[in-house]
Structure formats: structure tokens, C-alpha cells
Amino acid sequence: MDIISYVLYPESTMSSRPIQITSTEHTISFNADSHNPKQSSTALDMVCNSKDVNCPSSKPWETVNTKCSEGSRGEMSSLMNILKIPVLLLLLYGFVCSLDVLSSAFQLAGGKVAGDIFQDNAILSNPVAGLMVGILVTVLVQSSSTSTSIVVSLVSSGLLEVKSAVPIIMGSNIGTSVTNTIVALMQAGERNEFKRAFAGATIHDCFNWLSVLVMLPLEVASGVLSHLANITVNNLQLQSGEDAPELLKTITEPFTKLIIQLDKSVITGIALGDESMRNHSLVKIWCRSSVFVSSVNVTVTSRNCSGELHCGQDSDITWITQNITSKINTEKCRHLFVDSGLSDLTVGLILLACSLMVLCTCLLMIVKVLNSLLKGQVAKVIERVINTDFPYPLGWLSGYLAMLMGAGMTFIIQSSSVFTSAMTPLIGIGVISLNRAYPLTLGSNIGTTTTAILAALASPREKLHAACQIALCHFYFNIFGIMLWYPVPITRLPIRMASALGERTAKYRWFAVLYLLVCFLLLPLLVFGFSLAGWQAMVGVGAPFVAVMTFILLVNLMQSHSPAHLPKTLRNWDFLPQWMHSLKPADKLITRATALCCSPARLNINTSDPDAVVVTSDIRPELSISKSKVEQGYDNPALSLPEEIEPRVFRLRGLERCNSTPL
């Protein structure tokens with residue numbers, strides 16, 4: 001909408017001259033020919049050069065109606081918003097497909113290693129080692145369903161007990177949350193969005209880790225989850241059925257199958273000890289095969305054919321007829337790497353790079369489209385609908401309704417990783433609050449266990465009992481976790497922990513990468529290595545570590561709530577070296593190591609505030625007034641050039657600071 005300013009001469013004006021005010025669309029001119037201030041307001045003769053402008057003759061200082069084109073602009077804006085919806089759906093489709101290809105890439109790169117990890121059943125009998133194996137394998141293959149299916153095969157073949165399989169399922173529950181944490185990294189360009197997105201992603205991690213810390217010792221001591229699942233399975237008359245329909249795969253597989261197809265039985269075969277599978281490629285080559293049965297006469301010696309069918313004797317030669325089954329491949333698969341001749345690792349790295357690039361692009365575009373669609377009143381309405389609780393006294397029902405919504409959505413799309421990953425950018429842009437994201441994530445955990453139960457019901461008869469028991473262990477683990485960390489508001493520690501992690505990553509971007517490496521790779525590998533050395537080594541290292549962490553936690557709590565009860569030395573951690581209680585030294589080192597990416601000459605850094613960027617007046621078009629306009633003698637004070645324009649100082653948004661640490 002054009003803004004037109006009127007300049008009326010003050011009482012001291014002793015001359016009259018025509019005044020012309022030019023806007024972008026209309027030119028309005030009038031003549032001030034009266035020296036009397038009382039008459040000057042009514043003696044203005046306004047001439048409008050546009051037919052669409054309503055020109056009042058008596059009160060020209062009132063706002064002129066220049067809204068003639070607002071209708072057409074509103075229609076264009078509505079049309080553009082409607083056109084953005086299919087673009088958003090297309091980006092979501094590409095986002096989900098890239099997640100599927102990313103999982104295949106991880107399986108190609110580390111699937112056989114995951115099978116080797118599962119092969120040593122003596123190690124898996126150690127519950128701590130089993131937990132770490134579940135985390136590592138799920139991170140390696142980026143699919144909790146793959147790791148769970150391997151566990152089901154191990155249990156049904158008798159190589160692993162159900163009680164030993166429960167810690168692996170717990171680890172799988174932790175490992176599957178790495179996907180949405182990786183997705184949160186894609187929003188690192190804007191500081192506030194990154195803080196919210198990372199907090200929303202890690203709330204899943206915090207819930208799983210806290211639940212494991214409580215439920216794993218309880219399961220080792222009493223076997224409550226395995227016993228409860230066994231009782232449930234024995235009391236139900238279970239029969240093998242069909243696979244549950246997977247709506248998401250029905251939509252995405254026609255595209256992802258053109259890129260890559262995997263033979264997942266290779267990983268399971270390696271885990272079961274089939275050495276012949278090591279020479280097989282995970283890249284699927286033949287998609288259709290036929291089985292032929294042929295009868296062949298085989299010569300044997302020293303055998304009597306009396307009373308046997310398909311047996312004959314000719315002098316000293318005895319022959320029998322045997323049925324030989326042969327499998328003949330009839331149709332090749334159709335995907336990009338079917339005849340590439342590349343190794344599994346090479347194909348996996350290629351797909352990993354491409355899928356991450358597509359994932360980043362789709363996610364960034366999704367955030368931009370959502371920001372353009374969900375703005376103003378629309379965003380406020382959606383935010384109000386999603387985040388508002390029911391009126392008192394039914395406010396507590398809102399969280400449980402969100403759980404049902406999360407479980408239902410996960411059940412429909414058959415993937416908790418996709419649901420939580422798609423929810424992460426919405427948390428980042430502020431549409432979904434952290435308090436509402438928590439029950440949605442818990443509901444997604446429940447939804448993925450129901451899909452696992454349906455998948456277990458479709459298992460063969462010999463695997464049905466074990467598959468259902470493991471799926472129910474997964475279900476009961478999440479149910480007990482929700483009972484521990486949700487019903488009472490004071491016990492909702494994952495929200496506070498995730499919020500603290502979000503604040504930390506907003507201050508130090510590199511902390512997000514450190515968190516991923518430590519929680520999902522280094523810590524599981526370290527604990528797994530100590531578990532290989534035996535209980536003595538693990539207890540000898542773990543017990544002091546747990547004692548120190550407990551002491552630090554208690555001191556931090558007392559420092560926050562009752563510092564007077566602590567000795568003066570322990571009221572803060574300043575007596576320790578700075579690197580032991582602050583990330584600033586590490587931030588300085590990483591900043592120096594990565595500072596070469598920026599040119600200090602490009603930006604003026606305010607030395608008094610290292611977190612500020614000085615933006616010169618060239619970046620402010622409203623203050624960049626051309627010299628010709630000043631020389632033309634415009635009387636509008638809004639167009640006058642200030643004597644001295646102070647540079648604007650912005651707080652950091654995104655990766656604007658040159659001396660900030662790039663991700």
C-alpha cells in the first residue's frame with residue numbers, strides 16, 4: 001500500500017508555491033495560496049491525476065484512499081499461498097525419500113559390520129554390552145526395524161535368550177532417535193530456530209536415556225519386561241497373519257526402488273553365523289527367481305533296494321532317484337546400481353553424500369515455505385490450536401490427546417523417525433512448542449511399537465512367539481518410561497534437559513556435533529570396549545565415573561537452590577581450571593581452527609561486544625538517500641538525511657559472525 005505524506009506550511013510561511021508529492025503510483029499536486037493559517041487548510045485545491053483516487057475537497061490532509069489495487073494483490077497473494085501447498089508436499093516427499101535412501105546408505109556402509117557385532121552371542125549376554133550393541137547397530141543401519149528383525153531371528157533360532165535381547169531393544173530405541181537429531185543440524189543457519197529444533201530433537205534422546213537408566217537395572221534384577229511380555233503372549237491365542245499395510249512405503253517405494261534396493265537377508269545371515277553371506281553383496285541384483293524341481297538318478301554302492309521306491313539295481317550297480325531343487329534367477333532388478341560393479345562401501349558413500357544433500361535442500365526449502373505460509377495471524381492461529389491446553393480442570397488431557405495424535409500419525413506412516421524428523425522443523429520455526437512436542441514424541445514411541453507388534457504377528461509360525469515377545473518388551477518399555485517421566489509435571493525432566501541442550505547449542509554451534517559423536521558413537525564404543533574386558537574392568541571404571549557424576553549433579557543442585565549449605569569453595573566451580581567447567585576455551589580453539597573461512601576485512605567487528613556485528617548504512621536502504629534527492633529540496637522531513645548515521649548493531653542471527661564457530 002502506498003503511503004502519501006502531506007506537508008502543510010506553518011503559520012510563518014509568507015509565500016505560496018505549488019507543492020508536488022509523488023508516490024509510486026499517483027502524483028498529487030495542490031497549491032497553497034493563502035497566508036492565513038485558518039484558511040490555508042480549506043483553500044487547498046487538490047488535483048488528482050489518477051481516476052482511482054478519491055480526492056476530498058474539504059479535508060485534504062486526511063488519508064487518501066489508495067487501496068484500489070489491494071483486491072488484486074490479495075487475490076495474487078492467496079493464489080501464491082495455494083500454489084505453495086503442492087510445492088510443500090513435493091518437498092516433504094523428497095524429504096521422506098531422502099531419509100529412506102539415507103537408511104539404505106548406512107546399511108551398505110556398515111551393515112556387515114552390524115552383522116558381525118550381533119554374531120558374538122557371549123558378548124550379547126552382558127546387558128550393558130547388549131545396550132551398546134543396540135545403539136551402535138541402529139546408528140550404523142539407521143533403522144530400528146532392521147536391528148529388531150535381526151534380534152527376532154537370533155531369539156527364534158535359539159542363539160539368544162529373550163532376557164538378553166531386551167537390552168538390545170532398549171539400545172535400538174535410543175539409536176533410532178539419532179535421525180531427527182541429524183535433521184535438527186540442518187537448521188543451524190538461524191540461531192533461535194536451531195535452539196528450538198535441537199531441543200525438540202534431543203527431547204527424544206533424553207527420554208530414552210533416562211528410561212534406560214531406570215529400566216535396565218530393573219530388568220537385569222527382576223526381568224520384569226521379559227516376564228510380563230511372556231505372560232501376555234501365553235495368554236493370547238496368536239496366529240500368524242499378514243503384514244500390516246505400510247502407507248508411507250506404498251508412496252515412496254516406487255521412487256526409492258529406482259535408486260537402490262537391498263537384500264537385507266545378508267545382514268541377518270551374517271548375524272546368524274552363515275559365513276557364505278560374507279561374499280554376497282547387499283545390493284540386490286535379482287528381484288524375481290523361480291524354483292525348479294528335477295528328478296535325477298544317482299548311483300550308490302552297497303545298498304539293497306528291497307522295499308524302497310525309486311530304487312533299482314542293474315547287476316552290481318544300484319541307483320536311486322532323487323529330487324533336486326534348483327533356484328534360477330529370472331528377472332533383474334531395476335535401479336541405478338544393479339550392474340555398477342562398485343563395492344557396497346562405495347555405493348553406500350555415494351548414496352550417503354547424495355541423500356544428505358537432498359535432505360538438507362528439502363529441509364531448508366520446507367522451512368522457507370513454512371515460514372512464508374505460516375506468518376502473521378495464520379501462524380498465531382495454528383500455534384494457538386496446537387499448543388493450547390483444554391480449559392481448567394481438563395488441561396491435563398491435552399498432553400494425552402497429543403500422545404494419541406502422535407501414536408496415530410506414526411501408525412499411519414509406519415515410521416517414528418519420519419514423524420519426529422518432520423516435526424523437528426515445525427518446532428524450529430516455533431509452530432510447535434517444546435511442551436507440546438514432548439507428548440507428541442512419546443506418542444510416536446507408542447505408535448512405532450504397535451507397528452512392530454503387527455509386524456511380529458506376520459512372522460512365520462516358528463518365529464511368532466519370539467517376535468511377539470520382543471515387540472511387547474519394546475511396548476512395555478515405552479509405557480513404563482511414560483509412567484516415569486510424564487504424568488507428574490515435576491518428573492518431566494526430558495523437557496528441562498532438552499531445553500538446556502538447546503541453549504548450549506545456540507551458544508556453541510559445534511556442541512551439537514560433539515553431542516552426536518559422544519552420545520551415539522564414542523560413549524557406546526567406549527562402554528562396549530570395557531564390557532569386552534569383563535565385569536571387573538567395567539565396574540572398576542564405571543563405578544568411579546558414576547560416583548563423580550552423582551557428586552557433580554548434587555553440588556550443582558545445591559549451588560542453584562541452597563548455596564549457603566555448601567563450603568565456600570564449592571559454591572561455584574571457579575577454583576577449577578576454566579576448561580573443566582566451561583566450554584569457552586574449547587570454543588576459542590575451534591574458532592581459531594575454523595576462522596580461516598571468513599575474511600576479517602569484510603566486516604567491522606565491535607570490539608566492545610564480540611557477539612555483535614556492525615552493519616553499515618549501505619545495508620539500510622531506508623537510510624541510503626541519494627544525493628540528488630537532497631539537492632532537489634524535498635520538504636518531507638522523512639526524506640531528510642541525518643547529520644550522522646550511527647551504524648546499526650545486530651545481535652547474532654544464524655552464522656553471521658565471522659569469529660563464530662561454523663558448524
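Glu503 is partly exposed, at 46% relative accessibility. Here buried means under 20% relative accessible area, exposed over 50%, and partly exposed in between (1.4 Å probe, protein chains only). The model is predicted: local features need pLDDT of at least 70, side-chain atom pairs count only at pLDDT 80 or more, and totals for chains, interfaces and linings use all residues. Residues are numbered from 1 along each chain as its sequence is written, and side-chain values use heavy atoms, with hydrogens and water left out.

Glu503 pairs with Lys195 in a salt bridge, with the closest N and O atoms 3.7 Å apart. Glu503 belongs to helix 18 and Lys195 to helix 8 (residues 191-222), so the bridge ties together parts that are 308 residues apart in sequence. Helices (H or I, at least four residues) and strands (E, at least two) are DSSP runs, numbered from the N terminus. Lys195 is also partly exposed, at 24% relative accessibility.

The structure holds three salt bridges. The term requires a side-chain nitrogen of Lys or Arg within 4 Å of a carboxyl oxygen of Asp or Glu. Side chains of opposite charge can pair when their charged atoms come close. One of the bridges joins Lys332 and Asp339, at 2.9 Å from N to O. Lys332 is partly exposed at 35% relative accessibility, whereas Asp339 counts as exposed at 55%. Another links Glu253 to Lys257, with 3.9 Å between the closest N and O atoms. Both ends are partly exposed: Glu253 has a relative accessible area of 30%, and Lys257 has 40%.

Helix 18 also contributes to a positive surface patch. This patch consists of Arg504, Lys507, Lys584, Lys588 and Arg592. Two elements, helix 18 (493-507) and helix 22 (584-594), each give two or more residues to the patch. Helix 22 supplies the largest share, three residues. Lys507 sits in helix 18 and is partly exposed, with a relative accessible area of 47%. Patch residues have over 30% relative accessible area and no salt bridge; like charges are joined within 9 Å, and nonpolar side chains (Val, Leu, Ile, Met, Phe, Trp, Tyr) within 5 Å. Lys and Arg count as positive and Asp and Glu as negative, while His and the chain ends are not counted. Each charge is placed at NZ of Lys, CZ of Arg, CG of Asp or CD of Glu.

A nonpolar surface patch comprises Val513, Leu514, Leu517, Val518, Leu521, Leu522, Leu523 and Leu525, with about 590 Å² of accessible area together. Accessible areas come from the Shrake-Rupley method with a 1.4 Å probe; for residues, only the protein chains shown count as cover. Val513 lies in helix 19 (residues 510-532). Its relative accessible area is 32%, so Val513 is partly exposed.

His474, in helix 17 (residues 461-485), is buried at 9% relative accessible area. Leaving aside neighbours within four places in sequence, His474 contacts Ile169, Asn173, Thr448 and Thr449. Thr176 occupies the loop between helix 6 (162-175) and helix 7 (178-185). Thr176 is buried, with a relative accessible area of 9%. Not counting residues up to four places away in sequence, Thr176 touches Thr138, Ser144, Ser416 and Ser417.

Over the whole chain, the secondary structure comes to 23 helices and nine strands. Of the 663 residues, 41% count as buried. Among contacts between residues at least 6 apart in sequence, 72% join residues at least 24 apart. The chain exposes about 36,800 Å², and carbon and sulfur atoms supply 62% of it.

Terms used
Contact means heavy atoms within 4.5 Å.
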